[in-house]
Amino acid sequence: MSFFDDLPGPAERPRQPQQLRPGWSGPPTDELPGVVPLGAFLYSSPRMVVALKLVEVYTTGCLLDLVWSIRRGNESGQEWREILEVSFNHPRSSLDTRTGLQLGVALSDGTKAAAAIHGPSSFENSNDVTGPVLTTLGGGGGSNNDEHTQFTGRYWLWPLPVEGDTQLVVRWDALGIPESSLVLYGEQLAEALGRVRNYWSE
């Protein structure tokens, strides 16, 4: 008999019930989204672009997949390093817009929301949130070299705005990107909503 054979095993841990996540906190974990492959520019110039690659639609909201890219001009090495540092700077919060990308939405009913790295859970009475909420979910990676830089970011919009069209607005003061926008059509989002599939439905 081995020394380890008669040692007691680990204690059985009681199964913990999982709390329901509020819709504003992020995409459902049990859904395959419907996709709107927009491929549209929020801002475009000879050297800089901010683009919406696609929108993943869920029953509770939608995930916006953004990319920003910059080509080097006649900047010195130091100037280019400063641009690289700024371009990597994701938004800190809706109140700190000095260097980061600003992203916001305007719904057809006149309500607005600006992207924040902290969702409603950071504040009191977060259970009474009515929306809209636009939350930063983090970046999807990036790359840079002596001639080019590119980064991506993901944003969660709740609730899903299928009634009317939604204006998506961007501005990035530190990079000289003026306020620019594009339209998310409620009709397209509603069509994608019809393609959402639940993992466990029969």
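The structure is a predicted model. A search of the whole structure finds three salt bridges, and the largest nonpolar core holds 36 residues. There is also an open sheet of four strands with antiparallel pairing.

**The four-stranded sheet**

- The strands of this open sheet follow the order S7-S6-S10-S11, and their pairing is antiparallel.
- Strand S7, covering residues 112-114, and strand S11, covering residues 177-184, are the edge strands, and each of them pairs on one side only.
- On average, and with direction ignored, neighbouring strands of this sheet are turned by 20 degrees against each other.
- Strand S6, which spans residues 102-106, pairs with S7 in the antiparallel sense over three bridges, and Ala-106 stands opposite Lys-112 in S7.

- Side chains of opposite charge can pair when their charged atoms come close.
- Glu-75 forms a salt bridge with Arg-47, with the closest N and O atoms 2.6 Å apart. The pair links distant parts of the chain, since Glu-75 lies in the loop between S5 and helix H1 (77-87) while Arg-47 lies in the loop between strand S3 (40-44) and S4, 28 residues apart.
- Within this pair, Glu-75 counts as buried at 14% relative accessibility, whereas Arg-47, at 28% relative accessibility, counts as partly exposed.
- Arg-154 forms a salt bridge with Glu-56, and here the closest N and O atoms are 3.9 Å apart. This pair also links distant parts of the chain, with Arg-154 in strand S9 (residues 148-158) and Glu-56 in strand S4, 98 residues apart.
- Arg-154 counts as partly exposed at 32% relative accessibility, while Glu-56 is buried, with a relative accessible area of 18%.
- Asp-173 forms a salt bridge with Arg-171, the closest N and O atoms being 3.3 Å apart. Asp-173 counts as partly exposed at 43% relative accessibility, and Arg-171 likewise counts as partly exposed, at 31%.

**Nonpolar cores**

- In soluble globular proteins, nonpolar side chains tend to be buried together.
- In the largest nonpolar core, which has 36 residues, those that touch the most other members are Val-50, Val-55, Leu-64, Leu-66, Leu-103, Leu-134 and Tyr-155.
- When residues up to four places away in sequence are not counted, Val-55 touches Gly-34, Val-35, Val-36, Leu-38, Cys-62, Leu-63, Leu-64, Leu-184 and Leu-189.

- Tyr-58 is found in the loop between strand S4 (48-57) and strand S5 (62-71).
- Tyr-58 has a relative accessible area of 7% and is therefore buried, because buried means under 20% relative accessible area.
- Leaving aside neighbours within four places in sequence, Tyr-58 is in contact with several prolines, namely Pro-27, Pro-28 and Pro-33, and also with Glu-31, Leu-63, Trp-156, Leu-160, Leu-193 and Val-196.
- Tyr-58 and Pro-159 are 101 residues apart in sequence, and their C-alpha atoms are 9.6 Å apart in space.

Notes:
Residues are numbered from 1 along each chain as its sequence is written. This is a predicted model: local features need pLDDT of at least 70, side-chain atom pairs count only at pLDDT 80 or more; totals for chains, interfaces and linings use all residues. Side-chain values use heavy atoms; hydrogens and water are left out. Two strands pair if DSSP finds at least two bridges between them. Helices (H or I, at least four residues) and strands (E, at least two) are DSSP runs, numbered from the N terminus. Axes are lines fitted to C-alpha atoms, for helices over the stretch in contact, and angles run from 0 to 180 degrees between N-to-C directions. Buried means under 20% relative accessible area, exposed over 50%, partly exposed in between (1.4 Å probe, protein chains only). Contact means heavy atoms within 4.5 Å. A salt bridge is a side-chain nitrogen of Lys or Arg within 4 Å of a carboxyl oxygen of Asp or Glu. A nonpolar core is a set of buried Ala, Val, Leu, Ile, Met, Phe, Trp, Tyr and Cys residues joined through side-chain atoms within 4.5 Å.
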